[in-house]
Amino acid sequence: MAAEVVRAVREAVSALGGGAEPNRNRGREVEGAVVAVLEALAAAGGPAALGERERALYGAFLRSLARAPREARPGVEWRSCFLQGPPGTALCVLLEALASSPESIQARCHPGEVLEVLEQFLREGGLPALLWELCQQQAQSGPPELQEALLGKVVCLPDHLGNSLRGEGPAVFFPQNYFPLLGDAILQVLQKISDSLRAGLDCSISSVSHVLGKVCIQGRQKEILGVLVPRLTDLTRSDCIWQRMCWRLVECVPERWMEAVVLGFVQRAAGADVLSRLLGNLVVKNKKAQFVVTQKLLLLQYGHTTAVLQNLLGYLALDSLRRPLLVKVLQELLETWGSSSAVKHSPPEQQQYISKAILICLSHLKEPEIESCRQELLMSMLEGVKCHLDSNLPQIRSLGMIVAESISSKINTDGPVLKFQYEEDDETRELKSLLVQTPPLSVAPTLPDDERDEKAEAALPVVLGSNKNSPAAAPAVPAEVSDTELDSDDDLIPYDMSADKELKTKAPVYIRDCIEVLTGSEDVDKWEATIKALESLVRKNPAATREVSVELAKILLHLEEKTCIEGFVELRQRAQVAVLTTDPIPVAKYLTSQFYSLNYSLRQRMDILDVLVLAAQELSYPKSHGKTKHSGAQKPCIHLLPGSDSSKDWRKIVDERIKSKTRRFATGRSQVKLDSSPNEFNSVAGHFFFPLIQHFDRPLTTFDLLGEDHLVLGRLVHTLSILMCLAINTLAVTVMGKALLEFVWALRFHTDSYVRQGLLSCVSSVLLSVPKEHLLEDMTEELLEAQSWLGDVVEKDPDGDCRRLALQSLLLMENLKKKLTADPS
């Protein structure tokens with residue numbers, strides 16, 4: 001029968017090539033030859049009956065048919081030759097015809113006709129037939145080069161057509177439509193493979209694996225796996241043959257494409273149990289997959305969601321062969337988490353990602369596994385919590401506390417556990433929830449996300465309702481206990497104290513009396529009244545305050561809380577600010593000298609910085625009627641209480657200053673003009689600023705700014721940035737700016753991100769505060785060096801805030817350059 005196909009094909013080729021001019025007799029001859037080819041092909045049993053020689057002849061026939069003039073081709077039959085012939089050959093010929101030069105296509109056949117045939121080929125099952133043919137040929141050891149080339153055409157079809165169609169053509173050729181169609185074709189082929197295996201026939205799946213790998217490596221996982229994963233999830237639920245087929249489908253993917261395929265499955269699986277059914281023990285059998293799952297997705301990348309982490313680590317925990325990898329992953333995660341270098345140089349997002357992975361691993365560990373690595377967990381916890389608590393960023397410290405608490409609760413189930421104090425927010429609650437292990441996913445049936453949520457919500461009232469009837473909800477005193485058995489004191493009638501009045505201690509009225517109370521009085525009530533009234537008393541009596549200002553500042557700096565008075569820290573800070581603003585120069589000299597002195601705690605040194613900033617802010621804004629007028633529209637509100645993150649405060653100031661430098665054109669009501677008065681910070685700015693910048697590189701016995709006390713260094717840098725902003729329009733601003741840029745240059749490579757953020761804010765403060773003509777005359781060299789450094793920060797710094805601040809400073813420099821160019825004078 002194959003010989004009949006060969007004879008018919010040769011006659012059709014001869015008919016297509018005969019005669020230069022088409023005529024009616026030739027058209028009938030060609031039509032009869034094409035019909036004879038279709039009849040011979042059907043009688044032979046279809047394309048599957050053709051051998052390699054017959055396929056080559058049939059391909060030559062299709063090429064002659066595609067090149068023939070439109071008048072020489074029969075109306076419908078010529079399309080059937082492509083649709084009913086060998087699918088691989090037909091696809092190659094159609095793509096060759098479209099890839100020819102437009103002139104040659106137009107001379108022989110309209111490209112729209114070829115596109116119609118190709119679209120019909122795709123819509124009428126050409127892709128499943130082609131893939132199934134390849135699977136059968138591979139099982140029969142067909143030529144691998146031709147198969148590889150054909151697979152490339154299948155996967156890259158939208159790209160091939162995109163070059164020639166230029167965005168115009170049927171929608172089926174667009175990638176968002178083509179790859180889901182290819183996914184459906186893969187499912188149809190897998191169904192045929194399943195039927196063949198059940199019938200006891202051999203069949204190869206590697207061609208389908210190659211197609212899947214090629215599509216995923218091109219970044220089209222979403223389109224094709226969006227079709228495959230949900231369907232495979234259902235088919236593998238209770239069918240062992242489908243499970244083994246799915247495992248084999250992924251195992252046969254070449255290693256160079258394995259990462260893209262594994263990542264696609266991990267991202268789209270509806271749970272760890274589903275991922276376990278789809279991948280099997282792939283990570284045990286394939287080294288590349290093991291590297292991707294245990295190293296790349298956990299330690300080298302950090303942009304994946306929490307659901308992806310839960311899928312990944314839950315997959316490792318669901319099989320006894322994979323659980324050793326779970327313990328190994330936990331050890332490597334803890335090693336990274338406990339590395340001081342990683343904490344300093346990796347962005348907070350990556351550290352949060354690693355912390356989530358550690359907590360999920362801990363939730364899957366069983367008691368024997370914990371027992372086997374208890375000592376390692378303890379050592380990792382001690383090293384890691386120290387690294388995190390040393391960080392200047394509150395987010396990093398919170399991560400260290402939560403992970404340390406979780407490890408401690410796992411390794412000390414019967415004894416005392418670590419407990420830290422930190423602010424509860426949505427992020428900390430999410431992290432803690434990861435430690436609670438849900439019921440085994442391999443037992444529970446897989447449900448879509450929306451159904452799972454509905455069932456969980458439906459079950460919640462039942463659980464809560466059952467607790468109402470539990471023995472724990474019983475009343476504390478049994479009903480049968482009589483009143484006479486109760487304590488006799490319960491029958492006593494309390495005194496009526498509703499009319500009683502609290503005796504208030506009178507506060508001192510003189511400054512010197514306040515000093516005596518704060519230093520030597522044992523009367524607690526009088527001490528409380530004094531600390532509450534001290535700020536207002538200082539502001540009402542400036543002359544008396546100046547006589548003892550330094551002594552009072554010293555007392556307040558060393559003052560400790562004697563009672564549990566509400567808001568003691570804020571009361572003391574406001575009194576210190578009042579003293580400093582009343583007598584700025586001597587008090588500022590005292591405080592700045594004490595900042596670098598011995599025998600002070602880090603808390604006291606940071607208190608000094610906060611007081612200097614608040615006082616400078618108060619002095620730099622206008623006053624009216626003896627009181628400071630704070631206008632929210634004119635300045636940011638700064639509250640530097642102990643424990644606060646001062647980075648937020650300097651950002652407010654810098655953002656406000658940038659807004660004030662930005663020109664906006666608008667119509668509407670004019671703003672009310674505020675009262676103006678001399679800037680009192682003008683004459684004292686140097687006393688606040690220069691003593692702080694002088695001795696930062698001199699380590700003391702108990703204080704080393706460039707060493708382990710980088711938290712205070714970060715606060716110092718941010719303080720200098722704020723003081724620079726507040727010194728705008730002062731006489732010393734140019735000298736301050738030059739000194740600050742030199743300070744920044746000395747510390748520009750600091751390893752702590754909080755310090756680098758402050759240094760970058762200092763650059764912005766200089767650009768915003770120093771007049772542009774002084775920047776050009778006095779700081780040209782410093783600005784050029786800073787510009788080069790800022791460019792490196794934008795490109796290489798791991799911290800996102802540092803990159804943003806550096807870009808902001810570069811934009812300020814660019815605006816400054818434009819202004820200087822526009823106004824050369």
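Visitor: How far apart are the end C-alpha atoms of helix α32?

Guide: This is a predicted model, in which local features need pLDDT of at least 70, side-chain atom pairs count only at pLDDT 80 or more, and totals for chains, interfaces and linings use all residues. Residues are numbered from 1 along each chain as its sequence is written, and side-chain values use heavy atoms, with hydrogens and water left out. Helices (H or I, at least four residues) and strands (E, at least two) are DSSP runs numbered from the N terminus, and the expected span of a helix is 1.5 Å times one less than its number of residues. Helix α32 has 15 residues (568-582) and should therefore span 21 Å, which agrees with the distance between its end C-alpha atoms, 21 Å.

Visitor: How many residues of α32 are buried?

Guide: Buried means under 20% relative accessible area, exposed over 50%, and partly exposed in between (1.4 Å probe, protein chains only). The buried residues of α32 include Phe-568, Leu-571 and Arg-572. The helix is mostly covered, and its buried residues number twelve of 15.

Visitor: Which helices cover the buried residues of α32?

Guide: Contact means heavy atoms within 4.5 Å. The cover includes α29 (524-540), α30 (542-547), α31 (549-558), α33 (584-595), α34 (602-619) and α36 (685-694).

Visitor: Is α5 largely enclosed or largely open, and why?

Guide: Helix α5 covers residues 87-99. Its buried residues include Pro-87, Cys-92 and Leu-98. Because eleven of its 13 residues are buried, α5 is largely enclosed by the rest of the structure.

Visitor: What is the relative accessible area of Cys-92?

Guide: Cys-92 is one of the buried residues of α5. Cys-387 also counts as buried, at 15% relative accessibility. For Cys-92 the relative accessible area is 17%.

Visitor: How many disulfides does a search of the whole structure find?

Guide: A disulfide is a covalent bond between the sulfur atoms of two cysteines. Here the test is a pair of cysteine sulfur atoms within 2.5 Å. The number found in the whole structure is zero.

Visitor: Which helix gives the most residues to the lining of the largest cavity?

Guide: On a 1 Å grid over the protein atoms alone, a cavity is a set of points where a 1.4 Å probe fits but cannot get out, and lining residues have an atom within 4 Å of a point. The lining of the largest cavity includes Leu-741, Glu-782 and Trp-789. Two or more lining residues come from each of α38 (733-747) and α41 (780-796). With four residues, the helix that gives the most is α41.

Note on methods: 1 Å grid on protein atoms, 1.4 Å probe; cavity = no way out; pocket = protein on both sides within 12 Å on 5 of 7 lines; lining within 4 Å.
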